[in-house]
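Q: Please take me through this two-chain model. I want each label set against its rule.

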Amino acid sequence: MHLTAEQIQRQLDGELAAAESRQVAEHLQVCAACRAELQTVQAEERAVFELLSKLDHPARAVALREVQRASRPHRLSKYAAGIVLTLGLGGLAYALPASPLRTWLASLFDADRERGAVQVQRNAQTADQAGIAVVPGADFTIAFATHQSSGAVLLTLTDDPQVVVRTTDARVRFASSTDRLLIANEGSVADFHVLIPRALRAFTMRAGAQVIFTRRGDRLSPIQPDSSGRYRIPLK
Amino acid sequence: MTGSAFDAQCAQLFQRHAPRLLRYFHRLTGDSELAADLTQEAFVRLFRRGTLPGHPEAWLLTVAMNLLRNVHKTRTRRTRLLTFERGAAAHADAARAPDELVDDVEQARVRRALRALPEREAQLLLLRAEGYSYRDLAVALELNERSIGSLLARAKRAFRSAWEEPCT
């Protein structure tokens with residue numbers, strides 16, 4: 001009775017239980033055919049593994065420090081549920097008919113207007129009407145709800161740690177988490193100025209179901225930046 | 001387990017297993033950037049998990065392979081991008097030394113032989129070449145652990161025979 005292919009391979013790989021390994025070793029001492037087969041399989045394995053090693057290039061290294069940095073949750077994320085709940089309840093209270101919250105906020109703004117001290121968050125140079133800044137997780141997606149009949153994303157890589165989106169269309173709404181920013185741009189034809197941290201190595205931008213821009217490591221979508229380093233990504 | 005003890009164990013796992021995980025995905029996909037991204041993300045998820053799984057090596061492998069499956073699912077556009085990039089790289093390689101070109105031919109032959117195998121056999125072979133245990137192979141590839149030896153023997157034979165086939 002000779003050894004099976006399974007037993008020979010396991011013996012070679014040290015994957016037999018101790019008792020069976022002893023039996024196989026004893027059999028190999030007395031069976032020249034199985035010994036020869038084991039040697040053939042061993043030589044074949046060495047040759048195959050050597051061939052596989054020809055596929056090795058110098059590859060991009062993965063650094064432990066980078067892994068540790070990317071795995072750290074943002075400090076605010078542990079409060080995220082509370083923040084979302086508070087904002088949700090606040091929104092509900094604001095939306096109720098004859099809401100006392102709305103009346104109270106209106107009175108505050110009216111008082112500020114009277115004093116001429118209302119601070120409108122608007123970029124005077126670009127007349128931005130809507131915008132958001134988000135601290136991204138390791139892999140971040142910006143998803144436009146839909147394509148537009150015109151308009152584009154003007155994307156710039158920055159040393160700032162936040163993803164920033166600004167637009168002149170005041171109707172645009174945003175919703176975000178650490179891995180995703182949703183932009184409700186239905187009906188908009190405006191441009192969007194987007195700043196992406198250079199340190200963000202995994203980034204995707206979508207319009208509807210279509211991926212319109214990606215970054216994986218140092219690899220960016222083959223859209224060429226203009227002379228100022230800005231990428232123009234059509235939203236059409 | 002305290003946070004710092006967990007971090008230290010993860011760091012140890014990283015030192016031991018990141019290189020072979022990286023090499024495995026590089027050999028499998030031929031894409032060093034993708035291999036690095038998959039390896040990094042698998043370890044990021046391990047760190048975020050907060051506790052070590054029962055079989056960390058098999059867990060890391062399974063996570064990274066699931067990530068790769070997701071990449072394949074959404075790859076129609078990416079494939080075009082990669083083809084574009086590789087095309088550009090091939091032009092850039094035009095002035096390479098003859099020795100390097102011989103290496104490229106050898107490499108293409110090995111890759112062709114690997115592609116001739118059913119995907120699971122190719123994965124089995126590459127993972128075993130990295131020294132993964134039969135148990136890890138069985139978990140990651142959803143195989144019966146008791147038949148790994150004969151599957152490996154078959155995969156090696158099929159690979160050798162595909163490699164020896166003349167290029168057409």
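**Strand pairing and the interface**

A: Strand 2 (residues 139-144) and strand 8 (residues 202-207) of chain A pair in the parallel sense, over six bridges. This is a predicted model: local features need pLDDT of at least 70, side-chain atom pairs need pLDDT 80 or more, while totals for chains, interfaces and linings use all residues. Residues are numbered from 1 along each chain as written, chains are lettered from A and ligands numbered from 1 in the order written, and side-chain values use heavy atoms, without hydrogens and water.

Q: What is the strand order of the open sheet of six strands in chain A?
A: The order is 5-6-2-8-9-10, with mixed pairing. Strand 5 (173-176) and strand 10 of chain A are the edge strands, each pairing on one side only.

Q: What makes strand 1 and strand 11 of chain A edge strands?
A: Five strands of chain A form an open sheet in the order 1-4-7-3-11, with mixed pairing. Strand 1 (130-134) and strand 11 (231-234) each have a single partner strand, so one side of each lacks a neighbour in the sheet.

Q: Which way do strand 3 and strand 7 of chain A run?
A: Strand 3 (residues 152-158) and strand 7 (residues 192-197) run parallel, joined by six bridges. L157(A) stands opposite I196(A) in strand 7.

Q: How many residues of chain A and chain B are in contact?
A: Contact means heavy atoms within 4.5 Å. By that rule, 39 residues of chain A touch 48 residues of chain B.

Q: What area do chain A and chain B bury between them?
A: About 4300 Å², with 59% of it on carbon and sulfur atoms. Buried area is the accessible area (1.4 Å probe) that two parts lose on being put together, summed over both.

Q: Why is D13(A) with R128(B) called a salt bridge?
A: The term needs a side-chain nitrogen of Lys or Arg within 4 Å of a carboxyl oxygen of Asp or Glu. The closest N and O atoms of D13(A) and R128(B) are 3.4 Å apart, so the pair qualifies. The count between chain A and chain B is four salt bridges.

Conventions:
Pairing = 2+ DSSP bridges. Helix = DSSP H or I, 4+ residues; strand = E, 2+ residues; numbered from the N terminus.
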